[in-house]
Amino acid sequence: MSAPGVLSFTQQGWEQVLAKVKWALVYLDAACAESLHWGCGSTRLLEAVGGPACHLREFEPAAVGGGAEQPKAVFVLSCLLKGRTVETLRDIICRSHFQYCVVVTAVNHAVHLTANHVPAAAAAELEGQPVFEQLEEKLCEWMGNMNYTAEVLHVPLLLAPVAPHLALTPAFASLFPLLPQDVHLLNSARPDKRRLGSLTEVDATTLPPELLLQIRCLVSGLSSLCEHLGVREECFAVGSLSRIIAADLANYGPAKNRRKTATGRASVVFVDRSLDLTGAVGHHGDNLVEKIISVLPQLPGHTNDVMVNMVELTALQNEEKNQSMVAPGCLAQSNDPAARALWEALLSTKHKEAVMEVRRHLVEAASRENLPIKMSMGRATPGQLMSYIQLFKNNIKALVNHCGLLQLGLATVQTLKHPQTAKWDNFLAFERLLLQSIGESTMSVVLNQLLPMIKPLDQRTNDDYSPEELLILLIYIYSVSGEFTVDKNLGEAEEKVKKALAQVFCEESELSPLLQKITGCDSSIKLTFHKSKITADELFASLRDIAGARNLMKQFKSVYVPGNHTHQASYKPLLKQVVEEIFNPERPDPVDIEHMSSGLTDLLKTGFSMFMKVSRPHPSDHPLLILFVVGGVTVSEAKMIKDLVPSLQPGTQVIVLSTRLLKPLNIPELLFATDRLHPDLGF
């Protein structure tokens with residue numbers, strides 16, 4: 001057995017679920033389905049269920065119940081068993097003929113007690129798992145017979161493991177760090193309490209209860225991961241929301257006993273995404289997978305995978321009406337070792353090498369199947385890759401043997417041919433131009449450069465930027481600039497851009513889902529210029545928040561490196577600065593990487609260190625570094641961290657965790673169209 005990691009943690013969790021599902025009807029919510037998808041694949045679940053029919057259903061209020069010949073159900077849920085979730089359970093069970101129900105929740109019992117307002121001291125005294133036991137009684141009641149069997153258990157299905165070094169938390173995909181404007185909202189919600197001056201003053205006691213519970217659910221899963229890895233963790237944070245999460249993990253009650261017996265040690269460093277959005281919306285990551293997830297349509301119900309059109313491998317014509325007849329392919333190939341090896345290679349190589357790697361895998365697979373392959377050297381083109389893929393078309397055995405590889409091959413071809421991929425280079429060129437002009441001119445000049453690119457629908461060609469793409473460019477400008485002086489010229493330049501944007505929003509023939517959320521209008525007919533201008537004003541208030549996001553930092557104040565006689569101006573990722581500081585050979589006391597103490601012993605150490613030589617915990621102390629980016633991470637950032645850590649401190653293992661895999665378009669959604677303070681927990 002290899003060393004425990006994110007994949008073994010996820011698979012071990014699913015093994016516990018698979019042991020329960022024989023001959024059952026299985027209901028999954030979206031986040032658990034995504035964990036299964038990347039961890040061991042739905043085929044493993046179907047094999048464990050057995051029987052000829054497909055017994056998987058989505059857990060939702062309208063889900064079909066079980067008939068008389070389906071007496072057993074297993075519900076696999078990522079959330080707290082409370083509110084809407086329990087109502088949906090009741091509705092499905094009441095319209096079914098179940099005699100045996102198993103409910104699996106990814107959130108442990110201690111958090112259920114917190115959600116039901118049981119004080120920590122009282123919770124410590126409780127015997128058994130009363131919340132789960134009460135629900136078991138309810139399940140029997142809904143099944144209609146108290147002698148039927150009901151079971152409620154916790155299995156930590158937190159992660160979707162994308163690679164050995166990278167895993168995501170689908171249930172927390174919309175968790176995003178707070179901005180200065182959120183401080184005003186917090187203040188208005190607590191008029192009788194002391195006013196908060198800035199994000200540094202925000203702590204667990206000032207957050208809305210639903211956000212605090214969401215954080216506790218995440219902490220419950222991370223604690224289970226540390227238990228699986230056999231480590232006692234030291235928690236560190238960069239940024240205000242990260243500080244709250246890190247402190248919650250450091251002081252998480254149920255972790256105290258496991259920490260006493262853990263033999264390994266790890267540093268867990270949480271970082272707020274909002275401190276550097278340049279990397280999230282920029283197009284400088286020279287990575288094929290980043291382009292694939294940006295241009296191909298999202299797999300329904302998923303946050304981190306895409307649909308690959310598989311019609312080319314059938315006898316159907318590749319027309320739109322046929323695309324929905326053939327099930328789409330995807331990137332996650334958890335049951336296919338050869339495809340998984342290619343996928344991991346694509347994550348860790350540059351664009352050109354990745355395309356060559358896809359070609360090499362296709363050529364080798366075709367040779368093994370004795371398909372009539374014509375070898376060609378030089379650049380790998382989409383046409384050439386397609387000709388190799390077509391060889392598998394009429395050979396059902398070869399198709400089945402290499403199905404995973406063909407999905408990744410088609411994803412590559414469809415991305416290379418996609419019109420958005422050509423636009424990627426336009427973005428990159430404009431971003432490079434911006435980097436140079438930010439150093440040489442004021443913010444107002446930079447905004448005036450953007451102005452002629454803001455065009456209404458009837459004046460746009462395919463090369464011009466859509467409203468959403470303009471938002472991406474604005475986020476890039478404000479995030480990379482950081483703090484700037486506000487003067488009359490800037491006010492005028494911003495006003496011009498706002499008016500132009502408002503006009504563009506009004507003249508769209510139909511509003512995209514993102515614009516509907518941002519403007520609060522479901523159709524462009526209802527969107528007046530006045531309403532549109534108010535939206536633009538709000539967007540710019542958020543943009544200024546982004547520019548000031550690093551103001552509270554002492555060391556990581558900038559991601560912009562000015563040019564000089566020998567080098568052009570460039571962008572230096574915050575994550576790179578954080579990792580370099582962690583492994584700084586001088587080992588200075590970190591300034592912006594705060595250590596979160598877990599209880600009295602740590603506080604005493606910190607106190608003594610003022611007048612005695614007590615070494616304070618440092619994030620480079622341990623052989624394992626877990627870097628958790630709150631708010632999403634890009635493929636190229638994960639690759640950069642994976643390559644950088646061993647070069648700075650050989651022998652240190654690194655795992656990158658994040659709430660989601662980012663593409664540029666996710667950021668306007670998370671910034672402008674997400675209620676960061678009040679996540680929907682369903683109650």
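**Exercise 1. Which helices are included in what covers the buried residues of helix 13?**

*Solution.* Before we start: this is a predicted model, where local features need pLDDT of at least 70, side-chain atom pairs count only at pLDDT 80 or more, and totals for chains, interfaces and linings use all residues. Residues are numbered from 1 along each chain as its sequence is written, and side-chain values use heavy atoms, with hydrogens and water left out.

Step 1: find the helix. Helices are DSSP runs of H or I with at least four residues, strands are runs of E with at least two, and both are numbered from the N terminus. Helix 13 covers residues 288–295.

Step 2: check how covered it is. Buried means under 20% relative accessible area, exposed means over 50%, and partly exposed is in between (1.4 Å probe, protein chains only). Seven of the eight residues of helix 13 are buried. They are Leu288, Val289, Glu290, Lys291, Ile292, Ile293 and Val295.

Step 3: look for the cover. It includes helix 15 (337–347), helix 16 (351–368), helix 19 (403–417), helix 20 (419–440) and helix 28 (635–648). Contact here means heavy atoms within 4.5 Å.

Step 4: peek at the start of the helix. There, a side-chain oxygen of Asn287 comes within 2.8 Å of the backbone nitrogen of Val289. A polar contact is a pair of N or O atoms within 3.5 Å; within protein, one must be able to donate a hydrogen and the other to accept it, and residues adjacent in sequence count only if both atoms are side-chain atoms.

**Exercise 2. Work out how helix 13 and helix 19 are packed.**

*Solution.* Step 1: know what to look for. Two packed helices are described by the angle between their axes and the distance between the axes. Axes are lines fitted to C-alpha atoms, for helices over the stretch in contact, and angles run from 0 to 180 degrees between N-to-C directions.

Step 1: read off the values. For helix 13 and helix 19, the angle is about 75° and the axes are 9 Å apart.

Step 2: name the arrangement. Angles under 35 degrees count as roughly parallel, over 145 as roughly antiparallel, 65 to 115 as roughly perpendicular and the rest as oblique. Helix 13 and helix 19 are therefore roughly perpendicular.

Step 3: list who touches whom. Helix 13 brings Leu288, Lys291, Ile292 and Val295, while helix 19 brings Ala411, Thr412, Thr415 and Leu416.

**Exercise 3. Is Ser267 buried or exposed?**

*Solution.* Step 1: Ser267 sits in strand 9 (residues 264–272).

Step 1: Ser267 counts as buried because its relative accessibility is 0%.

Step 2: its side chain reaches the backbone oxygen of Pro619 at 2.9 Å. Leaving out residues up to four places away in sequence, Ser267 touches Glu234, Phe236, His618, Pro619, His622, Leu624, Leu625 and Ile626.

**Exercise 4. What is phi of His117, and what is phi of Arg587?**

*Solution.* Step 1: recall the background. Most residues other than glycine have a negative phi.

Step 1: phi of His117 is near 60°, a positive value. His117 lies in the loop between helix 5 (109–115) and helix 6 (120–125), and with a relative accessible area of 70% it is exposed.

Step 2: phi of Arg587 is near 50°, a positive value too. Arg587 is in the loop between helix 26 (574–582) and strand 12 (594–596), and at 42% relative accessibility Arg587 counts as partly exposed.
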